[in-house]
Amino acid sequence: MSMLQTLFRLQTLDSSTDAIRVRLYEIDRALAESPAVNHARAELQQAESALRSLASELKLLELDLQGIEQKIKDEEERLYSGKIRSPKEMLEVQREVELLKQRREQMDERIIQQMEELEQLRAVRARCESALAEAERTFADDSRQLREERTKLLAQAKSLLEQREALCAVLSPTVLQTYTELRKRKANGVAVSVVKGVTCSQCGEALASSVIQMARHGEQLVFCDNCGRIVYAS
Ligand SMILES: [Zn+2]
């Protein structure tokens with residue numbers, strides 16, 4: 001292998017390692033939390049809180065109703081007790097009982113209405129619960145696959161590192177340093193560009209024929225005039 005061939009091989013390994021690193025980062029993020037699970041959990045919490053507040057409202061209505069029923073009972077007992085002497089008072093009590101019965105009827109209706117709403121909310125909660133369970137199942141499945149992928153990628157990265165060390169051992173420190181610094185400077189981490197026809201494959205600019213020739217020879221560092229990358233001709 002010529003020096004440039006070795007360098008190009010190193011670049012290929014490093015680019016693969018970069019891609020693995022990016023994927024590992026994505027995997028770790030995906031394993032940390034699931035937006036779908038979070039969303040389903042928030043929906044369930046919302047349904048539960050709506051259910052709780054309606055249930056306590058209903059409880060209060062039922063207590064009010066009990067109070068009204070007790071009043072009706074008390075007033076009717078007074079009516080039939082024979083203790084009321086004046087017809088005026090009798091009429092007043094009768095009127096009061098009528099009003100109380102009207103209120104009772106209205107409350108009954110509201111209670112029935114709220115009980116129906118409560119049923120609907122229970123159905124919503126049940127739906128949210130199954131959606132959450134489903135999202136958690138999917139997340140668990142995905143996580144299992146991601147962990148498998150992670151293990152494979154770590155093994156690949158380890159093997160790439162071993163191959164890298166072997167390549168670095170045959171390259172001169174100066175060449176390695178130039179390569180490493182170029183890689184740091186380039187946004188995509190590509191320091192070695194392959195000649196494609198007569199152009200640099202990384203920046204697309206035409207290369208001088210002397211540059212191409214040196215790149216073919218492969219034993220000396222040669223650079224693209226435009227992007228500054230090391231040029232390699234296969
Ligand atoms: Zn270039």
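Glu89 sits at 32% relative accessibility, which makes it partly exposed. In this predicted model, Glu89 pairs up with Arg78 in a salt bridge, with the closest N and O atoms 2.8 Å apart. Glu89 belongs to helix α3 and Arg78 to helix α2 (residues 35–79), so the bridge ties together parts that are 11 residues apart in sequence. Arg78 is partly exposed as well, at 34%.

## Other salt bridges

Searching the whole structure turns up 17 salt bridges. One of them joins Glu26 to Arg23, where the closest N and O atoms are 2.9 Å apart. Both residues are in helix α1, three residues apart, or about one turn of the helix. Glu26 is partly exposed at 39% relative accessibility, and Arg23 is partly exposed at 28%.

Lys158 counts as exposed, at 55% relative accessibility, while Glu162 is partly exposed at 47%. There's also a salt-bridge network, linking Asp14, Asp18, Arg21, Arg164 and Arg183.

Cys203, in the loop between β2 (199–200) and α5, and Cys227, in the loop between α5 and β3, link distant parts of the chain, 24 residues apart.

For reference, the ideal angle for four tetrahedral donors is 109.5 degrees. Cys227 is buried, at 12% relative accessibility, whereas Cys203 is partly exposed at 27%.

## Nonpolar cores

The largest nonpolar core has 34 residues, and Leu7, Leu10, Leu207 and Val231 are the ones with the most contacts inside it. Elements giving two or more residues to this core are α1 (3–32), α3 (87–170), α4 (173–185), β1 (192–196), α5 (209–217) and β3 (230–232). Helix α1 supplies the largest share, eight residues. Domain 1 (3–9 + 173–232) and domain 2 (33–168) each put in at least three residues.

Take Leu7: setting aside neighbours within four places in sequence, Leu7 is in contact with Leu171, Val175, Tyr179, Val192, Leu221 and Ile230. Apart from this core lies another one, of 11 residues, including Leu58, Ile72, Leu100 and Leu118.

Key: Residues are numbered from 1 along each chain as its sequence is written. This is a predicted model: local features need pLDDT of at least 70, side-chain atom pairs count only at pLDDT 80 or more; totals for chains, interfaces and linings use all residues. Side-chain values use heavy atoms; hydrogens and water are left out. A nonpolar core is a set of buried Ala, Val, Leu, Ile, Met, Phe, Trp, Tyr and Cys residues joined through side-chain atoms within 4.5 Å. Buried means under 20% relative accessible area, exposed over 50%, partly exposed in between (1.4 Å probe, protein chains only). Helices (H or I, at least four residues) and strands (E, at least two) are DSSP runs, numbered from the N terminus. Domain bounds come from an automatic or database domain assignment. Contact means heavy atoms within 4.5 Å. A salt bridge is a side-chain nitrogen of Lys or Arg within 4 Å of a carboxyl oxygen of Asp or Glu.
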